[in-house]
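Visitor: I'm new to this one. Could you walk me through how to read it, starting with a single spot?

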Amino acid sequence: MGQVAGKSSVMMEIRTPKTHKAKRVLEKRAPKLVENGKKTLILHGTKTSATVSSVLMELYRLKKGGAIKYSRRNENIRPFESGGETSLEFFSLKTDCSIFVYGSHSKKRPDNLVLGRMYDHHVYDLIEVGIENFKSLLSFSYDKKIAPHEGSKPFICFTGEGFENVQELKQLKEVLTDLFRGEVVENLNLTGLDRAYICTAVSPAKVFLTHCAIKLKKSGTIVPRIELVEVGPSMDLVIRRNRFPNEGLRKEAMKSSKDKPKKKVKNVDQDDVLGKLGRVYIPEQEVGKIPLPDKSKGVKRERREGKVKKNKEEGSASKKLKESE
Amino acid sequence: MDMETDQTYQIDVGNLLAFNPNHRFSSAPSSREELVKECVTEGTKLVQAIADTLFNLPSTETNDGPLVQLPPPSTKLPREKHLPRPKPPTKWEEFALKKGIQKRKKDKIVYDETTDKFKRRHGYDRVNDDNDIPIIEAKASDEPGEDPFAKRLDDKKKRVGKQEKNRLENLKSAAKAGALPSHVQLAVTGLPISGTKAQPKKIGKEALGDVAGLAATSTASGGKFDKKLPGEKPPKKQGKHHKYLPVVPRYGWVDEEKEQTNKVLGKLLSKHSHEILNVGKAINMYNDKKEKKKSGRSDKLKAKKDITKKKPYANKAN
């Protein structure tokens with residue numbers, strides 16, 4: 001594109017995407033009134049224990065389709081330190097992910113998981129939890145027919161007064177909702193409901209999280225009876241550090257526009273006298289190209305009918321002959 | 001919607017979310033399995049509560065199953081990105097607003113008077129194509145030596161350049177307000193220039209290679225043993241390119257040198273040898289050579305001696 005020297009004599013160039021695909025990707029990632037579902041970035045730090053790696057792997061599997069997992073170690077990411085977030089923000093920008101799950105393991109913080117959210121690809125809030133009593137989804141045995149499908153919308157349940165009274169648990173509740181929610185949908189297929197996440201505040205600093213499959217059983221009414229079977233990973237989350245979002249940033253992020261973009265309905269007019277008027281466009285009739293009727297001799301109706309009559313007469317005539325004989 | 005059942009759960013149907021703030025665990029820490037069981041039972045109650053509301057919503061039957069329209073979620077969660085910011089009006093839009101100019105929709109097909117036909121406005125065989133003008137009438141204000149066709153092209157280039165500049169300015173002001181359209185990126189391509197507005201010249205591949213070659217010749221071995229960077233090509237052979245035939249012909253092979261001389265002789269001594277020689281060209285070459293010899297060596301190589309200039313300190317003796 002043309003290069004022009006700007007007012008501050010800095011050479012600037014307008015760059016537009018050269019392919020339609022690139023343009024669509026850019027439009028998808030642009031800020032919108034109604035946003036797409038948040039994508040999750042899963043990565044791990046310098047050292048990870050077996051528990052942390054399996055937690056990350058299973059979380060990725062649960063969120064398949066809306067998550068990106070990085071397999072390499074990231075030594076320069078330290079979410080709670082001021083300079084250690086630049087890599088995270090860069091990854092968030094590149095992959096268009098607004099939630100990240102960072103797993104690590106150290107002597108001081110064993111089996112550590114940092115759940116964080118981004119606003120405009122900058123860190124919004126963080127919460128650090130420790131994993132205890134982890135049970136992998138492979139260790140659960142259940143009837144494979146009820147196994148939840150990939151990408152189905154889950155039920156999310158929170159139990160315990162801690163989620164209301166303790167600030168950190170409140171934040172964890174919000175983060176877990178954001179993480180497990182997936183896309184916001186308007187229409188839901190009731191047969192596709194097959195999973196539920198159960199979070200219970202066991203103590204003011206500990207949350208028990210488990211993933212269950214849903215069994216719908218017949219009951220007398222339209223509403224089926226729900227039965228939950230534990231299928232997925234279950235773990236205890238112990239709250240460690242956290243960082244609340246900046247107040248001003250929080251206010252800005254929670255702002256939502258009430259107007260829906262008016263959908264322009266084409267070819268419809270409102271008339272005071274006649275009411276609703278519509279315009280119908282008829283394509284041009286190419287008289288020269290209209291398929292003509294088949295006028296071949298054998299196909300003509302008179303001929304066909306004549307033949308049928310003849311056969312009838314013959315048939316009756318032959319019958320008469322037979323009868324006479 | 002926040003619906004409170006008799007057990008006062010907080011249910012958000014849009015998110016399929018339920019929260020029971022009132023459950024209190026038995027203070028005695030029971031075994032792990034019992035704890036898990038209790039959590040699952042509590043969870044079941046919550047899911048049942050959501051399902052109660054969900055299955056009572058008006059549903060439509062489709063091939064895949066009953067489809068239900070969910071209400072919008074009631075729990076407020078922070079946005080991922082900022083709200084789209086309004087674009088500042090462009091310079092033209094401001095001007096149009098001030099003057100009260102309305103936008104008019106242009107037709108794709110326009111009537112062309114010169115050919116009495118309907119032609120398209122843009123594209124192949126368009127209405128006012130610059131290339132189709134056969135005659136441009138001279139006006140009193142025209143200068144005599146000017147080419148009006150070239151002038152038209154030049155004017156168009158200037159207009160296009162001005163428009164590009166305006167577009168860039170509009171995009172810059174939009175970027176300042178944080179409202180750059182999603183598919184446009186403004187990239188800084190060079191360092192800020194002080195003084196002249198000259199654009200930095202981009203050096204081509206071949207020019208770089210030539211410069212590298214020049215630098216190589218300054219080394220003692222003529223650049224033959226210099227370390228080459230990955231991707232750098234070996235230097236091209238400078239000077240005349242000779243192809244020498246083998247002195248001793250190979251056994252069983254044709255003697256190429258003999259063939260070469262025979263060929264030349266044959267051409268010279270053949271019947272049509274006078275036709276091969278381009279007499280006119282030969283005469284011209286001979287004459288040129290003679291003239292060059294007369295005037296001595298080329299004037300450019302010899303420094304001109306200016307006899308009028310006096311040498312300083314010429315007469316030291318005096």
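Guide: Helices are DSSP runs of H or I with at least four residues, strands are runs of E with at least two, and both are numbered from the N terminus. This is a predicted model, where local features need pLDDT of at least 70, side-chain atom pairs count only at pLDDT 80 or more, and totals for chains, interfaces and linings use all residues. Residues are numbered from 1 along each chain as its sequence is written, chains are lettered from A and ligands numbered from 1 in the order in which they are written, and side-chain values use heavy atoms, with hydrogens and water left out.

Visitor: Why does B:Ser270 count as partly exposed?

Guide: Buried means under 20% relative accessible area, exposed means over 50%, and partly exposed is in between (1.4 Å probe, protein chains only). B:Ser270 has 29% relative accessibility, so it counts as partly exposed.

Visitor: Which backbone oxygen lies 3.1 Å from a polar atom of its side chain?

Guide: That one belongs to B:Lys267.

Visitor: And what about the nonpolar core?

Guide: In soluble globular proteins, nonpolar side chains tend to be buried together. A nonpolar core is a set of buried Ala, Val, Leu, Ile, Met, Phe, Trp, Tyr and Cys residues joined through side-chain atoms within 4.5 Å. Here the largest has 35 residues, and A:Leu115 and A:Leu172 have the most contacts inside it. Helix α5 (residues 167–181) of chain A gives the largest share, 6 residues. Apart from that core lies another of 33 residues, including A:Phe155 and B:Ile11.

Visitor: What does A:Leu115 touch?

Guide: Contact means heavy atoms within 4.5 Å. Leaving out residues up to four places away in sequence, A:Leu115 touches, among others, A:Phe100, A:Ile127 and A:Leu172.

Visitor: How many residues of each chain are in contact between A and B?

Guide: 84 residues of chain A contact 66 residues of chain B. Buried area is the accessible area (1.4 Å probe) that two parts lose on being put together, summed over both. Between these chains it is about 7,300 Å², with 62% from carbon and sulfur atoms. A:Met11, A:Ile14 and A:Leu190 supply 9% of what chain A buries against chain B, more than any other three residues.

Visitor: How many salt bridges are there between chain A and chain B?

Guide: A salt bridge puts a side-chain nitrogen of Lys or Arg within 4 Å of a carboxyl oxygen of Asp or Glu. The count between chain A and chain B is 3. The side chains of B:Arg32 and A:Asp236 form a salt bridge at 2.9 Å, N to O.

Conventions:
A polar contact is a pair of N or O atoms within 3.5 Å; within protein, one must be able to donate a hydrogen and the other to accept it, and residues adjacent in sequence count only if both atoms are side-chain atoms.
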